[in-house]
Amino acid sequence: MPANQIQYSEKYFDDVYEYRHVVLPSDIAALLPKKRLLAENEWRGIGVQQSRGWVHYAIHNPEPHIMLFRRPKNYQQNQGLPLQAPQANGMVQVQ
């Protein structure tokens with residue numbers, strides 16, 4: 001699986017959650033179940049790599065190759081975890 005082709009958005013926020021979306025290449029997207037959300041071990045199993053606390057929370061049917069994730073706002077600070085530095089280009093591609 002070409003996990004190096006998975007693209008990660010910058011985080012965006014509302015009052016309760018921080019969000020990000022993950023864009024999968026077509027060959028990985030073909031492995032996704034059509035009508036259910038993935039548990040953490042499942043999305044990690046297809047090559048998605050993120051820090052702790054993210055939950056696959058919705059499926060956007062017009063673009064099923066884009067996975068939508070959220071976690072409580074300030075999750076890392078509340079867990080005592082180190083913060084990740086933001087990327088300058090707005091998207092992060094795992095190498």
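The dialogue below walks through how to read several features of this predicted model.

User: Before we begin, what should I know about the numbering and the model?

Analyst: Residues are numbered from 1 along each chain as its sequence is written, and side-chain values use heavy atoms, with hydrogens and water left out. This is a predicted model, in which local features need pLDDT of at least 70 and side-chain atom pairs count only at pLDDT 80 or more, while totals for chains, interfaces and linings use all residues.

User: Which secondary structure elements does the protein have, and in what order do they run?

Analyst: Helices (H or I, at least four residues) and strands (E, at least two) are DSSP runs, numbered from the N terminus. Here the protein has three helices and six strands, and from the N terminus on they are arranged as β-β-β-α-α-β-β-α-β.

User: How much of the protein is buried, and how many of the residues of E3 are?

Analyst: Buried means under 20% relative accessible area, exposed over 50%, and partly exposed in between, with a 1.4 Å probe and protein chains only. Strand E3 (residues 17–23) is mostly covered, with five of its seven residues buried, and E5 is largely enclosed by the rest of the structure because five of its seven residues are buried.

User: How do I read strand pairing, and which strands does E3 pair with?

Analyst: Two strands pair if DSSP finds at least two bridges between them. Strand E1 (residues 7–9) pairs with E3 in the antiparallel sense over two bridges, and in that pairing Tyr-8 stands opposite Val-22. Strand E2 (residues 12–13) is also antiparallel to E3, again over two bridges, with Tyr-12 opposite Tyr-19 and a hairpin of three residues joining E2 to E3. E3 and E5 run antiparallel and are joined by seven bridges, one of the paired positions being Arg-20, whose bridge partner in E5 is Phe-69.

User: Which strand does a hairpin join to E5, and through how many residues?

Analyst: That strand is E4, which is joined to E5 by a hairpin of six residues. E4 and E5 pair in the antiparallel sense over four bridges, and Ala-58 stands opposite Leu-68 in E5.

User: Is Arg-71 buried or exposed, and what does its side chain make a polar contact with?

Analyst: A polar contact is a pair of N or O atoms within 3.5 Å; within protein, one must be able to donate a hydrogen and the other to accept it, and residues adjacent in sequence count only if both atoms are side-chain atoms. Arg-71, found in strand E5 (residues 66–72), is buried, with a relative accessible area of 1%. The side chain of Arg-71 makes a polar contact with the side chain of Ser-51 at 3.1 Å.

User: Where is His-56, and which residues is it in contact with?

Analyst: Contact means heavy atoms within 4.5 Å. His-56 has its place in strand E4 and is buried, with a relative accessible area of 7%. Leaving aside neighbours within four places in sequence, His-56 is in contact with Leu-37, Leu-38, Trp-43, Met-67, Leu-68 and Phe-69. A polar atom of the His-56 side chain lies 2.8 Å from the backbone nitrogen of Leu-38, and a polar atom of that side chain lies 3.4 Å from the backbone oxygen of Ala-58.

User: How should I read a pocket, and which residues line the second largest pocket?

Analyst: On a 1 Å grid over the protein atoms alone, a pocket is an open set of points with protein on both sides within 12 Å along at least five of seven lines, and lining residues have an atom within 4 Å of a point. The second largest pocket is lined by 13 residues, of which Leu-32, Pro-33, Lys-34, Ile-59 and Pro-64 lie nearest its centre. The elements that give two or more residues to this lining are strand E4 (55–59) and E5, and E4 gives the most, with three residues.

Definitions and conventions
1 Å grid on protein atoms, 1.4 Å probe; cavity = no way out; pocket = protein on both sides within 12 Å on 5 of 7 lines; lining within 4 Å.
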